[in-house]
Amino acid sequence: MALMSEQLARQVATTHGVVTVEQLLADGQTMHSIKRQVGLGFLTRIHHGVLRMTTSPDTFESRCVAACAADPEAVVAGPAAARLWRFRHVFVVEAPIVLVPHDRTPISNGVLLRRTNRLDDMDVVERSDGIRVASPPRAWFDCGRDLDDERFERLTEWVLDHHTTMPTLWRLTRRMSTRGRPGLARVQRVMSMRSDWQRPAGSGLELRVLNALERAGVGPLVRQHALKLPNGSIIHPDGADIAARWAVEVDHVTWHGGRFDAQRDKGRDRGMRRIRWQVDRVTDLELTDDFRGSIAELVELHRLRRTEVLAA
């Protein structure tokens with residue numbers, strides 16, 4: 001007897017090789033034949049009632065599918081959801097982290113269980129491969145318990161830049177604000193440091209530079225302030241002191257910075273000078289070699305520019 005029908009085989013191919021006993025029984029198998037396939041090594045048990053075809057690799061995604069198949073209310077969350085969404089600034093986990101209601105213990109091995117009393121429909125995304133994963137905003141919130149303030153702040157900027165808006169994160173934070181919730185204090189602390197009107201910083205390094213400059217008395221700095229150049233294009237420098245008409249840009253020469261990028265940047269800089277703005281650039285290599293020295297140079301350049309503008 002064939003292991004499964006062609007129709008079920010196509011379905012299992014989309015779920016990373018994971019299949020349930022219930023599916024196999026509905027497909028015409030018997031418990032005896034299923035046990036025989038397990039004994040012969042064609043199937044391997046993952047959770048109670050959940051198996052994986054041994055011809056399919058044991059991947060992070062297949063483990064997430066299996067966890068969701070083991071309990072219809074389980075949702076992949078926290079750093080595990082961050083991995084599925086390809087978030088930056090979050091450590092990589094191998095075992096699924098799943099949220100379940102407080103009164104359930106459906107899965108006992110191979111996963112990290114976290115309990116919650118608040119998981120609304122808007123917080124869950126059902127993928128076509130059978131994984132139920134926390135939405136990007138909810139995954140961001142749940143990472144608050146796992147990261148330190150600096151890394152969580154960088155994650156916040158990245159999530160804002162790629163997935164959502166500041167009002168959405170604030171609404172979620174208010175909705176999740178109950179006494180004793182893990183990570184809530186960090187979320188509120190990081191969110192309170194950021195103005196609603198600020199655009200997200202483009203990278204973690206840019207955020208470090210802007211924070212260091214502001215601590216040194218530069219600013220206030222506006223992130224990604226829109227400037228219209230004489231040619232009609234709109235640019236958004238990483239940080240800008242509008243009163244001094246001064247901007248700072250962090251160039252990532254380790255992953256871009258070829259001749260076309262350099263040519264574009266020089267044209268932008270000329271355009272900024274034509275509208276009487278000064279831009280000073282610093283590279284990621286310079287910051288890696290001497291972060292404090294690079295910040296000190298930018299502080300001095302800003303001081304000279306501010307003096308020049310006030311004297312005009």
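1. A handy definition to start with: a crossing of two helices is right-handed if the near helix is turned clockwise from the far one by less than a right angle. In this predicted model, helix α7 passes helix α9 in a right-handed crossing.

2. Let's stay with that pair. Two packed helices are described by the angle between their axes and the distance between the axes. For α7 (residues 149-162) and α9 (residues 184-192), the angle is about 65° and the axes lie 10 Å apart.

3. Which residues make this contact? On the α7 side you will find Asp149, Phe152, Glu153 and Thr156, and they meet Arg186, Val187, Arg189 and Val190 of α9. Sorted by class, the contact has 4 charged, 3 nonpolar and 1 polar residues.

4. Searching the whole structure turns up 1 cavity of 30 Å³ or more, and the largest cavity holds about 40 Å³ of space. Its lining is made by Glu153, Thr156, Glu157, Val190, Met193 and Arg194. Helix α7 gives the largest share of that lining, with 3 residues. By class, the lining has 3 charged, 2 nonpolar and 1 polar residues. You have met some of these names already: Glu153, Thr156 and Val190 line the cavity and also take part in the contact of α7 with α9.

5. Finally, a word on confidence. The average pLDDT of the protein is 89, and 91% of the residues score at least 70. Residues 255-260, however, have a pLDDT below 50, and this stretch has 1 contact beyond near neighbours in sequence. Where pLDDT is low, the predicted coordinates should not be read in detail.

Definitions and conventions: Residues are numbered from 1 along each chain as its sequence is written. This is a predicted model: local features need pLDDT of at least 70, side-chain atom pairs count only at pLDDT 80 or more; totals for chains, interfaces and linings use all residues. Side-chain values use heavy atoms; hydrogens and water are left out. On a 1 Å grid over the protein atoms alone, a cavity is a set of points where a 1.4 Å probe fits but cannot get out, and a pocket is an open set with protein on both sides within 12 Å along at least five of seven lines; lining residues have an atom within 4 Å of a point. Grid points are joined across faces, edges and corners, and a volume is the space filled by probe spheres set on the points. Helices (H or I, at least four residues) and strands (E, at least two) are DSSP runs, numbered from the N terminus. Ala, Val, Leu, Ile, Met, Phe, Trp, Tyr, Cys and Pro count as nonpolar, Asp, Glu, Lys and Arg as charged, and the others, Gly among them, as polar. pLDDT is the predictor's confidence in each residue, from 0 to 100. Contact means heavy atoms within 4.5 Å. Axes are lines fitted to C-alpha atoms, for helices over the stretch in contact, and angles run from 0 to 180 degrees between N-to-C directions.
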